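Subject: Structure for your review

Dear colleague,

Please find below the structure that I am handing over to you.

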Amino acid sequence: MNRPAHDDTELAESPLKRTLTTPLLYFFILGDVLGAGVYVLVGQVAAESGGAVWVPLSVALGLALLTASSYAELATKYPRAGGASHYTTLAYGPFAGFFTGFCMLAAGVVSVAALARGFGGDYLSVFVSLPVALVAVLFLGLLALLNARGISESTRANVVATVIEVGGLVLVTGLGVWVVVRGDGDFGRLTRLGTAEHSPAAAVLSGSVLAFYSFVGFETSVNVAEETRDPARSYPRALFGALATAGVVYALVGAAASSAVRTSTLVQSSGPLLAVVETAGGVPTRLFSVIALIAVANGALLTGIMSSRLAYGMARDGLLPRFLTRVLPGRRTPWAAIATTALLSLLLAVTGDVAALASTLVLLLLVVFLLVNTAVLRLRGDTVPHDHYRTPRIVALLGAASCVLLATRIEGAVWGRGLIVLAVGVLLAWVAARRRRSEKDGGKRHQRAGA
């Protein structure tokens with residue numbers, strides 16, 4: 001833990017209300033990590049790694065924990081709503097800060113748009129058929145209202161949704177065990193690592209890249225550190241506890257699915273967990289449509305919270321228009337940032353352009369993670385007058401190296417789209433940095449004239 005060295009305003013009275021306790025923050029992170037992706041993840045990982053899907057899932061958890069440790073230090077050292085954008089601004093200046101924030105904001109907005117379209121897709125059509133655009137409007141409008149009502153209310157709704165999600169995954173695990181016990185499964189598949197295209201080592205690496213996607217979501221929690229009671233104590237406990245829980249759940253679900261259903265069936269299925277339910281029998285398949293809808297809605301709500309708080313924090317740091325810093329009286333939630341990010345997500349959702357950008361999400365986040373892992377080292381000499389978590393230097397270095405490794409495994413087509421988004425971020429960051437320098441120079445000239 002670090003000790004005071006100079007005056008600090010990070011823990012001063014904030015315009016945002018501190019309402020998050022350790023349990024609420026734990027469920028916030030767990031709910032964001034255990035998102036809709038888990039319902040299709042197992043089949044994708046099995047295609048790369050073979051039946052032993054628990055191996056790449058475990059490796060991916062280790063890689064995620066490396067970067068999470070850097071986030072834990074920075075979030076408890078600088079508990080500000082801007083999150084990664086704020087950290088990189090402190091470490092490298094406003095250009096890097098805006099670029100990081102842009103990557104996070106773009107990923108968040110596109111993610112919410114994709115989830116809105118997903119909510120109006122096949123899972124909902126099991127119950128009712130409505131135009132996807134109409135569903136997106138209603139869905140995002142309701143989520144924005146819940147977000148604006150208050151983070152305490154939003155995170156309590158998340159607790160309920162997360163319990164339902166975890167309950168469904170526990171059910172899948174139990175059904176998988178039942179299939180094996182009655183003699184229709186095969187535990188031997190859990191040791192089969194490798195495919196016709198990949199050796200065991202290559203299979204672990206390729207599978208881990210996909211599995212890493214499933215742990216993305218923990219980084220959004222740093223944007224609510226400013227609304228957390230005693231973040232230095234609560235944040236590391238909630239972060240590492242939630243990631244460990246998600247890792248155990250993923251490993252159990254992967255093992256259950258792989259042992260209960262043939263690997264080829266998992267690979268070919270767009271709903272591998274539904275294949276487990278169908279194989280086991282006795283449970284209505286509609287149950288998983290409900291659980292999937294809850295998972296999608298919960299993921300969109302939490303990502304929407306992140307995006308709005310990030311926009312608010314960047315605006316407060318002078319990297320976005322000041323309009324986005326407006327908060328609701330009484331509720332003290334950033335209504336302008338919530339409305340703006342929701343409208344951007346809605347625009348993407350109704351135009352259908354989400355598919356072209358969705359595959360760049362992980363690439364954008366790996367860029368952010370690389371900057372965060374290096375920022376924690378660059379800011380190591382900056383001390384603050386309150387205790388905070390401190391990650392070992394080697395862990396931050398390994399976290400940065402893991403981002404580079406994973407980025408090399410991303411397909412060229414994704415890089416082609418991602419580079420366009422990154423180029424836009426660089427251009428906007430350059431404009432924002434020039435504007436900020438001009439404002440500072442103008443302020444200095446005004447002071448000299450007044451003197």
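In what follows, helices are DSSP runs of H or I with at least four residues, numbered from the N terminus. Please note that this is a predicted model.

I begin with a glycine in a loop. G51 lies in the loop that joins α2 (38–49) to α3 (54–77). Is G51 buried or exposed? Its relative accessible area is 4%, and because buried means under 20%, G51 counts as buried. Leaving aside residues up to four places away in sequence, G51 touches R189, L190, R192, S258 and T263. G51 also lies 8.4 Å from A255, C-alpha to C-alpha, although 204 residues separate G51 and A255 in sequence.

The next element is helix α14. This helix covers residues 335–351, 17 residues in total. From first C-alpha to last, α14 reaches 24 Å, close to the 24 Å expected at 1.5 Å a residue. Which residues of α14 are buried? They are A336, A337, I338, T341, S345, L346, L348 and A349. An α-helix has 3.6 residues a turn, so residues three or four places apart point the same way.

The structure holds 1 cavity of 30 Å³ or more, and the largest cavity has a volume of about 130 Å³. Its lining is made up of 13 residues, of which V112, N147, A300, G304 and A342 are the closest to the centre. At least two lining residues come from each of α7 (132–149), α13 (286–316) and α14. Sorted by class, the lining of the largest cavity contains 8 nonpolar and 5 polar residues, and no charged ones.

Of the 23 residues in its lining, F102, L105, A106, V109 and L344 are the closest to the centre. Which elements give two or more residues to this lining? They are α5 (94–119), α13, α14 and α18 (412–450). The greatest contribution is that of α5, with 7 residues. The lining of the second largest pocket has 19 nonpolar residues, 4 polar residues and no charged residues.

With kind regards

Definitions and conventions: Residues numbered from 1 in each chain as written. Predicted model: local features only at pLDDT ≥ 70, side-chain atom pairs only at ≥ 80, totals over all residues. Heavy atoms only, no water. Expected span 1.5 Å × (residues − 1). Buried < 20%, exposed > 50% of the residue type's maximum accessible area, 1.4 Å probe, protein only. 1 Å grid on protein atoms, 1.4 Å probe; cavity = no way out; pocket = protein on both sides within 12 Å on 5 of 7 lines; lining within 4 Å. Points joined across faces, edges and corners; volume = space filled by probe spheres on them. Nonpolar A, V, L, I, M, F, W, Y, C, P; charged D, E, K, R; others polar. Contact = heavy atoms within 4.5 Å.
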